[in-house]
Amino acid sequence: MAQRHHSKVLIIGGGPAGYTAAIYAARANLEPLLVEGMQPGGQLTITTDVENYPGFADVIQGPWLMEQMRRQAEHVGARLIGDLVVSCDLTQRPFRAVGDSGDEYIADSVVIATGAQARWLGLPSEETYRGAGVSACATCDGFFFRGRKVAVIGGGNTAVEEALYLTNHASEVVLIHRRDRLRAEKILQDRLFRHPKVRVVWDAVVEEVLGGGTPPGVTGVRLRDVKSGAISELEVEGVFVAIGHTPVTELFRGQLALDGEGYILTRPDSTATDIEGVFAAGDVRDKIYRQAVTAAGLGCMAALEAERWLAGIEDAAHASGGTDDGVAKQAAAD
């Protein structure tokens, strides 16, 4: 049977941003409610070795890190629910969201931490070797390919930036693009073409990621020339798919201000959106850094800003002799 849940702070999304927001909101005695979504833990749950998250001298596993964040949020008092928000009404307070379960979530403030999803090629072999040589984040995984030859798939800013970053680690970087020209900004292209470690394969698409061994790893890619149809193989030990990310913001389209790529717009140096009481944290509003540590930092910011915003609402209500506790009103009506 569907239930109705109430909270001062509703957090939508269970990745580094969402869990961190829950930790800070719970420690502020806001009793936050976090709806974890389809992939609790976010993109780190499909990441194996993590070496760049502060505080750990040894390599840690992405799923383990997310489980620790989740347990910490619960330990300090956050309420976590395994549901997927399928609709959200931000037009009036209290804000209302409905889960796939049919449950309704009502809150005075909302932290959106639904993240972004990397776009993949859609190849079965890509899925087979994901985390075993196939990656969508050079900053996260480039360190593991020191002195090795790698391929980057794509032709936009993301692909060129990833390729240039990988030159810090790899012995050679091969950029594979399906067209005969790049879409990236001219200044990035100039840097790419000048770099001695980089070469470009034009007019080619990846037909298959090749690999094997124990433990399994990438050994190359099979390419098809889009003009001639010729098939060739390229030996590489890593494949970085850099064809962009898609922010999970369809729920909020038409309600919140989004940029041209669908990312939520926030005020400068803030997680506040254009709707009072609604905050956005993590990859759902950050298309530049896309790191677990920056997502966690934005989650912290969102919780602190939500706390201050709620305190201001309560102070204004007390000063006027009334109440503006939307959740309390709704609970009484129910």
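1. Confidence. The model is predicted, and the mean pLDDT of the chain is 93. Of its residues, 96% reach 70 or more.

2. The parallel sheet. An open sheet is formed by 5 strands with parallel pairing, and the strand order is E10-E17-E11-E12-E13. Its edges are strand E10 (134-135) and strand E13 (198-201), each of which pairs on one side only. Strand E17 (residues 238-241) is joined to E10 in the parallel sense over 2 bridges. Within this pairing, Phe240 in E17 is the residue opposite Ser135.

3. The antiparallel sheet. A further open sheet consists of 3 strands in the order E14-E15-E16, with antiparallel pairing. Strand E14 (204-212) and strand E16 (231-235) are the edge strands, each pairing on one side only. On average, neighbouring strands of this sheet are turned by 25° against each other, direction ignored.

4. Strand E15 (residues 217-225) pairs with E16 in the antiparallel sense, and the pairing extends over 5 bridges. For Leu223, the bridge partner in E16 is Ser232.

5. Geometry of the H1 and H2 pair. Two packed helices are described by the angle between their axes and the distance between the axes. For helix H1 (residues 16-27) and helix H2 (residues 62-75), the axes come within 8 Å and cross at roughly 25°. Angles under 35 degrees count as roughly parallel, and H1 and H2 are therefore roughly parallel to each other. The crossing in which H1 passes H2 is left-handed.

6. Residues in the H1 and H2 contact. From H1, the contact involves Pro16, Tyr19, Thr20, Ala22 and Ile23. These residues meet Met66, Met69, Arg70, Gln72 and Ala73 in H2. By class, the residues of this contact divide into 7 nonpolar, 2 polar and 1 charged.

How values were computed. Residues numbered from 1 in each chain as written. Predicted model: local features only at pLDDT ≥ 70, side-chain atom pairs only at ≥ 80, totals over all residues. Heavy atoms only, no water. Pairing = 2+ DSSP bridges. Helix = DSSP H or I, 4+ residues; strand = E, 2+ residues; numbered from the N terminus. Axes fitted to C-alpha atoms, helices over the stretch in contact; angles between N-to-C directions. Parallel < 35°, antiparallel > 145°, perpendicular 65-115°, else oblique. Left-handed = near helix turned anticlockwise from the far one by under 90°. Contact = heavy atoms within 4.5 Å. Nonpolar A, V, L, I, M, F, W, Y, C, P; charged D, E, K, R; others polar. pLDDT = per-residue confidence, 0-100.
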